[in-house]
Amino acid sequence: MSTSKTFYAINPASNEPIDDVFTNASVEEVNQAVQKAINAFDDYRKKDSNSIADFLEQIAIEIVNLGDALLEKCHSETALPLARLQGERGRTVNQLKLFATVVREGSWIDARIDTAIPDRIPAPKPDIRHMLIPLGPVAVFGASNFPLAFSVAGGDTVSALAGGCPVVVKAHPAHPGTSQMVATAIEKAIQVCKMPEGIFSLVQGNTNEVGELLVKHPDIKAVGFTGSFKGGKALFDIANTRPEPIPVFAEMGSTNPVFILPRILEEKSETIATGLAGSITLNGGQFCTAPGLTFIEKSENSNAFNSFLIDKISGIPATTMLTSEISQAYNTKIETTLVSNTILEIGKGQPSTEPTTAIARILKTTASAFLENSGFEEENFGPSNIIVEAQTKIEVLEAAKTLKGHLTATIFGTDKDFAEYSELFEILEKKVGRLILNGYPTGVEVCHSMVHGGPYPATTAAQSTSVGTNAIKRFARPICFQDYPDFLLPEALKKGNPLTIWRLLNGEFTK
């Protein structure tokens, strides 16, 4: 790999390079970043919970201290509105603070204690104590569509750092300047909190080789990724061909099917169409939770719904996309889909001739055609939606059964709808990570109970989440200690519970 290859961020609004020059990380630079992480790991993994929590909170402070300059740089590299970026910065900061509270409280380590029964017949029972410990250095890949909340100091990074793991971040090439600014904030927090220097590194690059080097490095123990199916699957395959395979927690997008049941379609067609149009086109549909499929049963009410949706979409301006590549891929996917004689375009947003824009598009097909064409289910990253019209309830259920894994599914209905379509709930529970009733999938709450994941191909690890405090457990592994004297045990497992955390003691939770 060339060590002198340089690249620029591109302003999507003008399609012109931004002045800052960035260089692809060399083999030596990647190896150096990982080696620093290894050197720091033994120290960092032993830090007490308050020290790590203070560090996460200090990162939040330093990001805020970057001020409007961060938002302006991010806006120039992504064309995302400043108001959206201000909100995303708030989400990033609050996420850091939330994980700090989880680390400081401490019970996330899942302490379990089964005390000894030495006189048990026919064999004595040993003393066994269980907890989660950090995996080791983690490689994190920044996402294009969330340059703050899913990037350098985003969910993957904060959950790995919270769990005691050093992190090497591969910056997304679409916003390298933003990534560098956030990296300086993390480095400042490291200095303020006197943390080991190697617990965080940033590597830049606009080639696949940089990311491949990271995932192949024998001292990287896990990978966090948010992006396309192609990119996530490639990293997953690399990780599984290593001499020591490692887990890849890749969130690879989704079409997020929406089901609108008959009674609510009759009662609230216009209201649902209005909300759905907004969800489809929010920030150009550049969300992994954007709804790309809508299932309804054909009727006079469905015709009215389609008309309302077309009307709402027709007034929406074209959106400047994050990159010209994303815009081109979106438009190409629309055109190749329309080659099929079983699908029609029934509505679109306002026209544009700008090269990096995308126009909202509404397509329509039948349930029978959907069942015969798996390509209709594939994500098209942008502001489009395919309405799938079924003739009967049976066709709706059959279509649901054929769905692959998705991040979300949404059901709109009345209580009577829900009772009559109870099978639909059972089907979709096996297909997604989050089921939504009478709402829209865009918008992912960062909280303790959130699941942002789902069965393959939405992710490579259906048992995990990349949003919410459970994300920390991706970068930890269980270990148990058998018949240890108390002085050798970790603090979390000692007699008397010195950390005052919740522990499962002989089958009962207690402090």
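Leaving aside neighbours within four places in sequence, Arg-242 is in contact with Val-215, Lys-216, His-217, Pro-218 and Ile-220, where contact means heavy atoms within 4.5 Å. Welcome to a predicted model, in which local features need pLDDT of at least 70, side-chain atom pairs count only at pLDDT 80 or more, and totals for chains, interfaces and linings use all residues. Residues are numbered from 1 along each chain as its sequence is written, and side-chain values use heavy atoms, with hydrogens and water left out. Helices (H or I, at least four residues) and strands (E, at least two) are DSSP runs, numbered from the N terminus.

- Arg-242 sits in the loop between H8 and S9.
- Is Arg-242 buried or exposed? Arg-242 counts as buried because its relative accessibility is 7%; buried means under 20% relative accessible area, exposed over 50%, and partly exposed in between (1.4 Å probe, protein chains only).
- The Arg-242 side chain reaches two backbone oxygens: that of His-217 at 2.6 Å and that of Ile-220 at 3.2 Å.
- These are polar contacts, meaning pairs of N or O atoms within 3.5 Å; within protein, one must be able to donate a hydrogen and the other to accept it, and residues adjacent in sequence count only if both atoms are side-chain atoms.

**The five-stranded sheet**

- An open sheet of 5 strands runs in the order S7-S6-S5-S8-S9, with parallel pairing; two strands pair if DSSP finds at least two bridges between them.
- Strand S7 (200-203) and strand S9 (248-251) stand at the edges with a single partner strand each, so one side of each has no neighbour in the sheet.
- From one strand to the next, the twist averages 15°; angles run from 0 to 180 degrees between N-to-C directions, and axes are lines fitted to C-alpha atoms, for helices over the stretch in contact.
- Strand S5 (residues 138-141) and strand S8 (residues 222-226) pair in the parallel sense over 4 bridges, and Val-138 has Ala-222 in S8 as its bridge partner.
- S8 also pairs with S9 in the parallel sense over 4 bridges, with Thr-226 standing opposite Glu-251 in S9.
- In a regular strand the side chains alternate between the two faces of the sheet.
- In S8, Ala-222, Gly-224 and Thr-226 point one way, while Val-223 and Phe-225 point the other way, and all are buried.

**Helices on the sheet**

- H7 lies across S5, strand S6 (167-170), S7 and S8, and runs at about 160° to S6.
- Helix H8 (residues 229-240) also packs on the sheet, where H8 touches S5, S8 and S9 and makes about 170° with the direction of S9.

**Helix pairs**

- Two packed helices are described by the angle between their axes and the distance between the axes.
- Helix H1 (residues 27-44) packs against helix H7 (residues 208-216) at an angle of about 35°, with axes 10 Å apart.
- Which residues of H1 meet H7? Val-27, Val-30 and Val-34 do, and their partners in H7 are Val-210, Leu-213 and Leu-214.
- By class, this contact of H1 with H7 holds 6 nonpolar, no polar and no charged residues; Ala, Val, Leu, Ile, Met, Phe, Trp, Tyr, Cys and Pro count as nonpolar, Asp, Glu, Lys and Arg as charged, and the others, Gly among them, as polar.
- Helix H9 (residues 262-281) and helix H10 (residues 300-314) pack at about 30°, with axes 8 Å apart.
- The contact of H9 with H10 has 10 nonpolar, 5 polar and 3 charged residues.

**Helix H3**

- Helix H3 (residues 68-78) has several buried residues, including Leu-70, Leu-71 and Cys-74.
- The buried residues of H3 pack against strand S1 (6-11), strand S2 (16-23), helix H2 (49-65), helix H4 (82-105) and helix H6 (176-192).
- Ala-79 follows H3 and has a positive phi, near 65°.

**Two residues further along the chain**

- Gln-482 belongs to strand S19 and counts as partly exposed because its relative accessibility is 45%.
- Asn-497 lies in the loop between strand S19 (476-482) and strand S20 (503-505), and counts as buried at 4% relative accessibility.
- A polar atom of the Asn-497 side chain lies 3.0 Å from the backbone oxygen of Lys-511.
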